[in-house]
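Here is a short tour of one structure.

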Amino acid sequence: MKIALDPFMLRKLPIREMVRTVADIGYEYIELSPRDEFMPFFLHPRADDDRVAEFKSALRETGVQVASVLPLYRWSGPDETERQAAVRYWRRMIEVTAELGCRQMNSEFNGRPERPAESEAAFWRSMEELLPVFEREGIALNLEAHPDDFCEVNTPAVDLVRAINKPWVNYLYCAPHTFHLSGDDTGADIPAMLRYAGDKLQHVHIADSFNHKGSSGLRYILNPPGTPARIHQHLDIGQGEVDWDVFFGTLREMNFDGIATACVFAWEERAVDSSKFMLERITKELVR
């Protein structure tokens, strides 16, 4: 199993310093998430040959490896111009990932929850164009359901991943999305959701979150009433309401052996301490 750090809280550091910091904290793997000068959100990658070479040099110097690359593009957007642009951005980022020597990418479904049929149709158009590119480059793909995507709930997300019908396309369970993934107001049955993914579960994101459905839906007061905004956090383990004994216990019972990424975003002012704490806890729970 690979324990990786999403270094988003360290993104303001130059890339070489970011890699050294990750190594100093004790991580052997990075999950590369968006950085403005390398792979910005929803825009064409900025990484040129020199920046890729700089990143690779820092990895060699520290012994850190890239476990996965996480781009975010509007590849399921119902706007066809945006979708076509997203496919172009994906092609370039797949190329960069191959240059980095990484064989794993992951991302979100994207699209719009109020336009699910149009978004899913766009998703399949993008899949038809990009699956051959992933396959040619030998790069696997893990997909996650995300709040405010066209597919937000665990069971239909797993079913959609299975429908792609490729052994190298698998599912990512994001723990801080737990209370959205359940899809109802009856709580969050973490074991059932993880086990439903079964052998397609190849990646987990680990951070804590509060249950926004708590207190009869009044845990958070959002205005105006009825707003469709989604809310969740990416906190240190123990700062929210995810049942970690159940989460880690189920992963151990399933003999999970994929990628586990620490993805806390809430504490940039204590990013190093937070990342150290997460590494120690994840290692204690999952490394046997």
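## A loop residue with positive phi

Phe 42 sits in the loop that runs between strand S2 (29-32) and helix H2 (49-62). The model is a predicted one. In it, the phi of Phe 42 is near 65 degrees, a positive value in a residue other than glycine. Most residues other than glycine have a negative phi.

How exposed is Phe 42? Its relative accessibility is 27%, so Phe 42 counts as partly exposed. Partly exposed covers the range between the buried limit, under 20%, and the exposed limit, over 50%.

## Another one, before H5

Asp 148 lies in the loop between S5 and H5. Its phi is near 80 degrees, again positive in a residue other than glycine. Asp 148 has a relative accessible area of 28%, so this residue is partly exposed.

## The buried side of H5

Helix H5 spans residues 154-164. Which of its residues are buried? They are Asn 154, Ala 157, Val 158, Leu 160, Val 161 and Ile 164. These residues cover an arc of only 160 degrees around the axis, so they lie on the same side of H5.

## Just after H5

Asn 165 follows H5. The phi of Asn 165 is positive, near 65 degrees.

Definitions and conventions: Residues numbered from 1 in each chain as written. Predicted model: local features only at pLDDT ≥ 70, side-chain atom pairs only at ≥ 80, totals over all residues. Heavy atoms only, no water. Buried < 20%, exposed > 50% of the residue type's maximum accessible area, 1.4 Å probe, protein only. Helix = DSSP H or I, 4+ residues; strand = E, 2+ residues; numbered from the N terminus. Arc of directions from axis to C-beta.
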